Amino acid sequence: MIVIGLLSTKQEVEEIKYIVKICDVEDRIRLVVRMQKLKELFSKEMELKKE
C-alpha cells in the first residue's frame, strides 16, 4: 500500500484502510454467492443425470 505513505494525516490513512476492508468484504460476499450458484447448478445437473 504505497498510497498510504503519500497521505498527510493519520485520519486519511484510517479512511483508506476502512475502504480497503469494505472492498475485501464485498469481494468475499461475491465469492460466496458465486460458489453457492455453482453448487446449485451442480446439484441440478446431478439430478438430471440420475433421471
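Accessible areas here come from the Shrake-Rupley method with a 1.4 Å probe, and for residues only the protein chains shown count as cover. With that in hand, the protein chain exposes about 5100 Å², of which carbon and sulfur atoms supply 62%. The model you are looking at is predicted, so local features need pLDDT of at least 70, side-chain atom pairs count only at pLDDT 80 or more, and totals for chains, interfaces and linings use all residues. Residues are numbered from 1 along each chain as its sequence is written, and side-chain values use heavy atoms, with hydrogens and water left out.

Let's start with the fold. The protein chain has 2 helices and 0 strands, taken as DSSP runs numbered from the N terminus (helices are H or I, at least four residues; strands are E, at least two). Of its 51 residues, 4% are buried, where buried means under 20% relative accessible area, exposed over 50%, and partly exposed in between (1.4 Å probe, protein chains only).

Next come the charged side chains. The whole structure holds 4 salt bridges, each a side-chain nitrogen of Lys or Arg within 4 Å of a carboxyl oxygen of Asp or Glu. In one of them, Arg28 pairs with Asp24, their closest N and O atoms 3.1 Å apart. These two residues sit 4 apart in helix α2, so about one helical turn separates them. Arg28 is exposed at 54% relative accessibility, while Asp24 is partly exposed at 35%. Further along, Glu45 bridges to Lys49 at 3.5 Å, and this pair is also 4 residues apart in helix α2, about one helical turn. Elsewhere, salt bridges with shared partners join Glu26, Asp27 and Arg30 into one network.
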